[in-house]
Amino acid sequence: MASPESLIEKANQRLKLANVGLRIVQRGAKLSLRGMFPTKANPEKKSQQIFSLDIYANPAGIKRAENEAFKISGLIALKEFNWADYLKIEAPIQTVGEWVEKFKEDYFNRRSRNPKSETTWNSDYWSILKRMDADKELDRSLLIDIILMQRPDSKTRVRACMVVGQLSKFAGIDFDPKPYRGSYSPKAVNPRDLPTDEEITNWYRKITDPSWQYCFGLMACYGLRNHELFNLDVDSLQTSPGILTVLDGKTGPRRVWPCFPEWWERWELYNTSLLPFVDAKNNTRLGSRVNYHFQKFGFLKPYNLRHAWAIRTLEYGLDITLSAAQMGHSVQVHSNIYHYWISDRHHQKAFDILMARSDRPTAP
């Protein structure tokens, strides 16, 4: 079955071929027409406007919207279009604040409202949308301004383009943010920033609180994100060799193998009674609590334990597809972040295999 987007696109192609000056746009769950309409103050003048049809974006609704476009376009051409006949379905001008509120409502209508989705809304969407002037009318120039406020070729610029693109589509504004996205990609991890496995062991001993020492051990052994400490199937830790199930988090459930399994045994990571109770509303706050407690013992960057786990698996020859799956991100993300290590590791392995061949050419 064709999607509403493809049906709207085909309908607009037919309107264009028929020289109809109106186009169908989807705003939320309903359809509108966009084009040059007579102004209410002076019917002799025209301006670009959005005309709400109050029709749902389903196949029947799209067909009806196409018919309305032909009908209204004809009335405009004959100068017989009268706003008074349509005022009851006219879309009022809406401010940024009103559009953002509707956009947020639609966001949570399409997914469960839980700590994970609230964290995504606050960190990815609201962090951008809150910078817009809530009292201004939402238009293309305002969308461009909010993108240009973000530093070029930055993660924030990419996020702004993503959010603005979704908001403009929701509001029926014809705007493509892709040209402003830039060339940002995650930075490769610098090996000098990471603790060695010996240093991790020493830090583990320095943490004197048993509960947070236990958390440190879990993050080091399984490469967990901070907040994932509190979204685990703890029973999975108690079966040798402690293959851990992450129930939820930034990227959903997954299974992780201990690296090193000696840490699972030596640090008694199967003793799940040591896991502390932390009360927080969302994943961001859970992560902040972990940072706070680790920093009390002088360990400032808990996320480096996750990076160190990734590097360790590469050094031991775990395929990057498996490593990425256990970390809960894509192979592309894994390659971008650990590019230097992946390249070095795999080139060296290929070189060693080649040099070990008995039939390889020898130097004269």
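Helices and strands here are DSSP runs, numbered from the N terminus; a helix has at least four residues and a strand at least two. The model is predicted.

**Exercise 1. Confidence**

Task: Find which element of the protein chain has the lowest mean pLDDT and which has the highest.

Solution. 
1. Start with the whole chain. Its pLDDT averages 86. Of the residues, 95% score at least 70.
2. Now go element by element. Helix 14 has the lowest mean, 75. Helix 8 has the highest, 96.
3. Keep a rule in mind. Where pLDDT is low, predicted coordinates should not be read in detail.

**Exercise 2. A cis peptide bond**

Task: State which two residues the cis peptide bond joins, and where F260 lies.

Solution. 
1. The bond links C259 and F260. Its omega is about 20°.
2. F260 belongs to the loop between strand 6 (254-256) and helix 9.

**Exercise 3. The surroundings of L15**

Task: Decide whether L15 is buried or exposed, and list what it touches.

Solution. 
1. L15 is part of helix 1.
2. Its relative accessible area is 0%, so L15 is buried.
3. Leave aside neighbours within four places in sequence. L15 then contacts V20, L22, R23, I24, E66, A69 and F70.
4. Look at A69. It is 54 residues from L15 along the chain, yet their C-alpha atoms are separated by 7.9 Å.

**Exercise 4. The cores**

Task: Describe the largest nonpolar core, then name some members of the second core.

Solution. 
1. The largest core has 44 residues. L218, Y222, L224, F294 and Y338 have the most contacts inside it.
2. Elements giving it two or more residues include helix 7 (197-206), strand 5 (244-246) and helix 10 (283-296). Helix 8 gives the most, nine residues.
3. Take Y338. Beyond its neighbours within four places in sequence, its contacts include V189, R306, A310, L314 and M327.
4. The second core is separate and has 26 residues, among them V96, I144, I147 and F170.
5. Turn to helix 5 (residues 140-148). Its buried residues are L142, L143, I144, I146 and I147. Helix 3, helix 4 (115-129) and helix 6 are among what covers them.

**Exercise 5. The second largest pocket**

Task: Give the volume of the second largest pocket, and work out which element supplies the largest share of its lining.

Solution. 
1. The second largest pocket holds about 710 Å³ of space.
2. It is lined by 27 residues; E5, Q26, S168, K169 and F170 are the closest to its centre.
3. Helix 1 (4-17), strand 1 (23-27), helix 3 (96-109) and helix 6 (155-171) each give two or more lining residues.
4. Helix 6 supplies the largest share, seven residues.
5. Sort the lining by class: 11 nonpolar, seven polar and nine charged residues.

Definitions and conventions: Residues numbered from 1 in each chain as written. Predicted model: local features only at pLDDT ≥ 70, side-chain atom pairs only at ≥ 80, totals over all residues. Heavy atoms only, no water. 1 Å grid on protein atoms, 1.4 Å probe; cavity = no way out; pocket = protein on both sides within 12 Å on 5 of 7 lines; lining within 4 Å. Points joined across faces, edges and corners; volume = space filled by probe spheres on them. Nonpolar A, V, L, I, M, F, W, Y, C, P; charged D, E, K, R; others polar. Core = buried A, V, L, I, M, F, W, Y, C linked by side-chain atoms within 4.5 Å. Buried < 20%, exposed > 50% of the residue type's maximum accessible area, 1.4 Å probe, protein only. Contact = heavy atoms within 4.5 Å. pLDDT = per-residue confidence, 0-100.
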